[in-house]
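Please look over the sequence and the three-dimensional model that follow, and keep both in view while reading.

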Amino acid sequence: MFVFVCAGCGAGLTTPLSQVSLPIHARQKYGNGAQLPVLMEAGTFAVDPDPWGGPWRMWDEIDPGEAEARGIYAPVYALSDCTPGASVIAPGDIRGTRLIPEKRGGACCGLDGADGPNMACETCDLPVATRIDDCSLWQAVRLSPDAVHRVDGIHTASLSWAELADKGEGTPPFEPIATWGGRLRSNHYWSWSPQWEAAAGHALAHLLVVSQGQPVEVPDGLTAAVFQRALDTLLPAGTPKQRAVLAGPGQPPPDAGVDILLVPVHPQTGQTWTPASPTASAYLVPLPLGVWLWLVSPQPHLPVPTSGRIPQDVLRDDPPPLLPNHLFRADRETFLHTLVRLPAVRSPWLRTIVENLTQSTSADLFQQSGNRTASDSHASQSGQDLLSNHVNKATGSWAGQ
């Protein structure tokens with residue numbers, strides 16, 4: 001456990017916190033006017049190794065050698081020159097601070113942190129943190145690395161992979177998304193989980209790298225619904241196909257001939273699971289633990305709002321939840337953020353994918369912030385049938401939706 005204190009006066013700024021891995025969706029901007037929940041679980045913090053926020057420099061102002069030294073191997077719109085290493089916490093875990101009203105930024109529904117630190121130490125007025133709670137952004141507080149100090153406390157052991165496989169909770173692939181809805185429209189809609197879209201963007205970048213421009217096949221069911229359409233569109237058709245399978249704690253050992261393993265990431269340490277006898281040629285594609293758990297053990301019924309409790313011996317007869325009305329789309333910004341940080345992106349064929357990402361052939365594969373259209377809520381029947389078929393294979397139920 002750790003606490004953070006003001007670097008100026010030493011005043012305490014947080015509750016005791018335990019360190020975890022930064023969620024894949026930490027930088028995600030989702031939808032248009034969506035109310036995203038808190039990023040970090042209460043009582044935890046994560047360190048962001050990359051700079052975040054202004055000042056910014058455009059790509060043509062950056063020497064290619066400097067970009068590669070920072071782990072960027074393909075052009076991006078701009079790079080942050082802010083100090084890296086911010087600690088990210090839940091807003092409810094901050095203490096002894098006040099908001100700085102003139103640092104509201106350019107947000108429309110809350111705070112976006114565009115003007116820099118917007119929270120000051122109550123004791124000495126030093127700007128120490130940036131609160132983010134605007135629409136389409138995950139709610140968080142980012143502690144400035146040059147304005148706070150971390151005080152060590154009691155060290156606790158991380159959970160083992162066996163404990164995570166046994167006690168870990170899967171992340172449902174669908175959920176209601178709250179919006180800033182007015183009186184004339186609903187204040188929520190049913191959609192793919194933003195966490196899944198970010199996780200898929202991160203994993204898809206790795207899948208393209210390991211493919212080396214050749215076809216890749218993933219398991220049927222929900223895994224195919226998430227990845228196969230994008231892989232078939234971005235990679236050429238043909239045989240033989242490289243085969244990707246789900247592997248991890250509690251699962252049977254993968255076959256010797258498998259090329260790609262879809263494996264979980266430890267939510268506390270950030271380490272990728274590795275098989276006991278790793279195959280030399282197998283590439284490990286990382287997935288958040290909650291997403292991976294749901295893929296290996298899909299649940300036939302998602303949690304739905306209800307009142308009271310259902311006795312254990314009563315058979316559920318409530319209808320299964322509806323499926324989203326559009327095919328799955330990975331998060332575009334997470335995909336690009338990951339891909340440009342993989343050295344293989346320097347390959348001409350991957351550079352072409354990055355450059356053509358805005359074209360119609362690939363735009364429908366990715367979710368883009370602030371760009372939801374009527375087609376998102378009124379997909380074609382053929383698309384709905386395709387989605388239903390994938391999910392039915394994954395769960396053995398939900399037929400006919």
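The protein chain exposes about 19800 Å² of surface, and carbon and sulfur atoms supply 53% of that area; such accessible areas come from the Shrake-Rupley method with a 1.4 Å probe, and for residues only the protein chains shown count as cover. This is a predicted model, in which local features need pLDDT of at least 70 and side-chain atom pairs count only at pLDDT 80 or more, while totals for chains, interfaces and linings use all residues. Residues are numbered from 1 along each chain as its sequence is written, and side-chain values use heavy atoms, with hydrogens and water left out.

The protein chain has nine helices and 19 strands, where helices (H or I, at least four residues) and strands (E, at least two) are DSSP runs numbered from the N terminus. Of the 401 residues in the chain, 44% are buried, a word that stands for under 20% relative accessible area, whereas exposed stands for over 50% and partly exposed for what lies in between (1.4 Å probe, protein chains only). Among the contacts in the chain with a separation of 6 or more, 67% are made by residues 24 or more positions apart, contact being defined as heavy atoms within 4.5 Å.

Which rings come together as aromatic pairs? Rings of Phe, Tyr and Trp (its six-membered ring) pair if their centres lie within 6.5 Å, and planes under 30 degrees apart count as stacked, over 60 as edge-to-face and the rest as tilted. By this rule the count comes to five aromatic pairs. One of them joins Phe4 and Phe45 edge-to-face, with 5.1 Å from centre to centre and 85° between the planes. Because Phe4 lies in strand E1 (residues 2–6) and Phe45 in strand E3 (residues 44–48), this pair ties together parts that are 41 residues apart in sequence. Both Phe4 and Phe45 are buried. The rings of Phe174 and Trp192 have centres 4.6 Å apart and planes at 65°, and therefore this pair is also edge-to-face. It links distant parts of the chain, since Phe174 is in strand E12 (residues 174–178) and Trp192 is in strand E13 (residues 188–192), 18 residues apart. Phe174 and Trp192 are both buried.

Phe4 and Phe45 also belong with Phe2 to one aromatic cluster. Over the ring of Phe2 sits the charged end of Arg150, 4.6 Å from the ring centre; a charge sits over a ring if NZ of Lys or CZ of Arg is within 6 Å of the ring centre and within 35 degrees of the ring normal.

Rolling a probe the size of a water molecule over the atoms shows where empty space is left. The largest cavity holds about 60 Å³ of space. Its lining includes Ala200, Leu204, Phe227, Arg229 and Phe328. On a 1 Å grid over the protein atoms alone, a cavity is a set of points where a 1.4 Å probe fits but cannot get out, and lining residues have an atom within 4 Å of a point; grid points are joined across faces, edges and corners, and a volume is the space filled by probe spheres set on the points. Helix H3 (194–211) and helix H4 (222–234) each supply at least two residues of this lining, and the largest share, five residues, comes from H4.

Finally, consider two single residues. Thr97 is in strand E7 (residues 97–99) and counts as buried at 14% relative accessibility. Ala162, in helix H2 (residues 161–167), is exposed, with a relative accessible area of 55%.

Conventions:
On a 1 Å grid over the protein atoms alone, a cavity is a set of points where a 1.4 Å probe fits but cannot get out, and a pocket is an open set with protein on both sides within 12 Å along at least five of seven lines; lining residues have an atom within 4 Å of a point.
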